Amino acid sequence: AQARVPESDPTATALGYKEDASKVDAAKYKTYVKGNTCANCNFYKSSNANEGTCMALGNRLVAAKGWCSAWVKKA
Ligand code: SF4
């Protein structure tokens, strides 16, 4: 199976990506709003309940409960 994007990935790091949205540095990322996660982001395409692919990260797998600063509300 495809591996998830690690938080240490350069692009993921640049976007402040966390696999667990509750771990987001809210002081640094002021656009973060509790409840916003990859699962309700427009760039996300669900693979299963736990993960899906992210268009902003080259269609690689991210955690459903994750978040990054490129988050946009699912249309
Ligand atoms: Fe998650 Fe959206 Fe950021 Fe991709 S762009 S990592 S789906 S919040």
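I take buried to mean under 20% relative accessible area, exposed to mean over 50%, and partly exposed to mean anything in between, with a 1.4 Å probe and protein chains only. By that rule, buried residues make up 37% of the 75 residues in the protein chain.

**Entry 1: basis of the notes**

I worked from a predicted model, in which local features need pLDDT of at least 70 and side-chain atom pairs count only at pLDDT 80 or more, while totals for chains, interfaces and linings use all residues. I number residues from 1 along each chain as its sequence is written, and side-chain values use heavy atoms, with hydrogens and water left out.

**Entry 2: the whole chain**

I looked up the elements first. The protein chain has one helix and three strands, where helices (H or I, at least four residues) and strands (E, at least two) are DSSP runs numbered from the N terminus. From the N terminus on, their order is α-β-β-β. The radius of gyration is 11 Å, close to the 11 Å that the globule rule gives for 75 residues, so the protein chain is as compact as a globular protein of that length. Here the radius is taken over C-alpha atoms, and the rule is 2.2 Å times the number of residues to the power 0.38. I noted that the C-alpha trace spans about 35 × 25 × 15 Å along its principal axes.

I then looked up contacts, meaning heavy atoms within 4.5 Å. Of the contacts in the protein chain with a separation of 6 or more, 57% are between residues 24 or more positions apart.

**Entry 3: the strands**

I count two strands as paired if DSSP finds at least two bridges between them. β1 and β2 pair in the antiparallel sense over three bridges, and a hairpin joins them through four residues. Strand β2 (residues 51–54) and strand β3 (residues 60–63) also run antiparallel, joined by four bridges. These two form a hairpin with five residues between them, and glycine 58 in the turn has a positive phi of about 65 degrees.

Cysteine 54 in β2 is in turn the partner of tyrosine 44. I also recorded that glycine 52 has valine 62 in β3 as its bridge partner.

Asparagine 36 lies in the loop between α1 (10–14) and β1 (44–46). Is asparagine 36 buried or exposed? Asparagine 36 counts as buried because its relative accessibility is 13%. Leaving aside neighbours within four places in sequence, asparagine 36 is in contact with Ala21, Gly66, Trp67 and Trp71.

I followed that list to glycine 66, which is found in the segment after β3. Glycine 66 is buried, with a relative accessible area of 0%. With neighbours within four places set aside again, the contacts of glycine 66 include Tyr17, Ala21, Asn36 and Cys38. Glycine 66 and glutamate 51 are 15 residues apart in sequence, and their C-alpha atoms are 8.9 Å apart in space.
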